[in-house]
Amino acid sequence: MAARYSARMARNQSLPDIWLISDERNDAVLESALRGLPRGSGFIYRHYHLDDPNRWDRFRTLCRVARACDHTVILADSALTATEWGADGIYGSPRSLCPRRRDMLHLATAHNLAEIGIANRLGADAVLLSPVFPTTSHPGDKVLGPAQFRLLAEHSQVPVIALGGMSTERAWSLKWPRWAAIDGLS
């Protein structure tokens with residue numbers, strides 16, 4: 001695992017700019033979406049809707065596709081499970097990423113300054129800051145908008161990945177290099 005992570009990060013020299021996030025609603029198109037991403041992109045596997053055996057089976061299938069495209073694969077689960085499943089890292093709330101493992105990427109979710117501060121203190125490798133724009137994941141929820149997103153992002157000590165209603169067009173209008181999407185990349 002550590003060798004794969006080190007080799008992958010050495011090749012990429014940094015985190016991927018584009019991240020596809022799995023969800024129940026984009027499950028049917030994930031294989032083609034993974035193939036359509038630029039080589040060396042990122043894939044965050046969530047699939048919270050599946051029970052453990054089915055979640056593992058689906059992960060294996062999607063991981064094979066992602067690896068064939070040289071994508072970084074992140075699991076929304078514990079470091080132990082990510083290691084057992086062969087993921088490159090974990091994704092979740094900043095506190096869920098502890099204890100810190102140096103052989104894995106740790107991608108923390110954040111929605112406010114307090115969560116960014118926790119991610120900073122606990123050594124996350126990147127922060128997914130959301131929601132930047134209105135999103136079908138959380139219809140009607142308050143969004144950060146471009147100005148507040150940028151203000152919060154300035155407080156992160158690690159790269160910030162924009163999330164929430166993101167698409168190629170919105171990433172371009174935001175002029176933000178790193179972004180993630182569920183629907184916007186499916």
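Which residues line the largest cavity? The exercises below use a predicted model.

**Exercise 1. The largest cavity**

Task: list the residues that line the largest cavity, then state its volume and the classes of its lining.

Solution.
- Step 1. The structure holds 1 cavity of 30 Å³ or more.
- Step 2. The space in the largest cavity is about 40 Å³.
- Step 3. Its lining consists of Pro94, Leu97, Cys98, Arg100, His106, Ala108, Ala119, Leu122, Gly123 and Ala124.
- Step 4. Strand E5 (105–110) gives at least two residues to this lining, and so does helix H5 (113–122).
- Step 5. Sorted by class, the lining has 7 nonpolar, 2 polar and 1 charged residues.

**Exercise 2. Strand E1 and its neighbours**

Task: determine which strands pair with E1 and in what sense, and decide whether the residues on its two faces are buried or exposed.

Solution.
- Step 1. Strand E1 covers residues 18–21. On one side it carries Ile18 and Leu20, on the other Trp19 and Ile21.
- Step 2. A residue is buried if its relative accessible area is under 20%. Ile18, Leu20, Trp19 and Ile21 are all buried, so both faces of E1 are covered.
- Step 3. Strand E8 (residues 179–181) pairs with E1 in the parallel sense, over 3 bridges. Within this pairing, leucine 20 has alanine 181 of E8 as its bridge partner.
- Step 4. Strand E2 (residues 42–45) also runs parallel to E1 and is joined to it by 3 bridges. Here tryptophan 19 stands opposite glycine 42.
- Step 5. Helix H2 (residues 30–36) forms a β-α-β unit with E1 and E2, and this unit is right-handed.

**Exercise 3. Aromatic pairs around Phe59**

Task: describe the ring pairs that phenylalanine 59 forms with tryptophan 56 and with tryptophan 85, and place the residues in the fold.

Solution.
- Step 1. The whole structure contains 6 aromatic pairs.
- Step 2. Tryptophan 56 and phenylalanine 59 make a stacked pair, with 6.4 Å centre to centre and 20° between the planes. Stacked applies because planes under 30 degrees apart fall in that class.
- Step 3. Both residues of this pair belong to helix H3 (residues 52–68), where tryptophan 56 and phenylalanine 59 are 3 residues apart, about one turn of the helix.
- Step 4. Phenylalanine 59 also pairs with tryptophan 85; this pair is tilted, at 5.2 Å centre to centre and 45° between the planes.
- Step 5. The second pair links distant parts of the chain, as phenylalanine 59 is in helix H3 and tryptophan 85 is in helix H4 (residues 79–85), 26 residues apart.
- Step 6. Tryptophan 56 has 29% relative accessibility and therefore counts as partly exposed. Phenylalanine 59, at 1%, is buried. Tryptophan 85, at 16%, also counts as buried.
- Step 7. Ring pairs connect Phe43, Tyr45, Trp56, Phe59 and Trp85 into a cluster.

**Exercise 4. The largest pocket**

Task: give the volume of the largest pocket, the residues nearest its centre and the classes of its lining.

Solution.
- Step 1. The largest pocket contains about 440 Å³ of space.
- Step 2. Its lining has 25 residues, and those nearest the centre are Thr135, Ser137, His138, Leu163 and Gly164.
- Step 3. By class, the lining of this pocket divides into 10 nonpolar, 10 polar and 5 charged residues.

Notes. Residues numbered from 1 in each chain as written. Predicted model: local features only at pLDDT ≥ 70, side-chain atom pairs only at ≥ 80, totals over all residues. Heavy atoms only, no water. Buried < 20%, exposed > 50% of the residue type's maximum accessible area, 1.4 Å probe, protein only. Helix = DSSP H or I, 4+ residues; strand = E, 2+ residues; numbered from the N terminus. Pairing = 2+ DSSP bridges. Right-handed = clockwise from strand over helix to strand, strands pointing away. 1 Å grid on protein atoms, 1.4 Å probe; cavity = no way out; pocket = protein on both sides within 12 Å on 5 of 7 lines; lining within 4 Å. Points joined across faces, edges and corners; volume = space filled by probe spheres on them. Nonpolar A, V, L, I, M, F, W, Y, C, P; charged D, E, K, R; others polar. Phe/Tyr/Trp six-rings, centres within 6.5 Å; stacked < 30°, edge-to-face > 60°.
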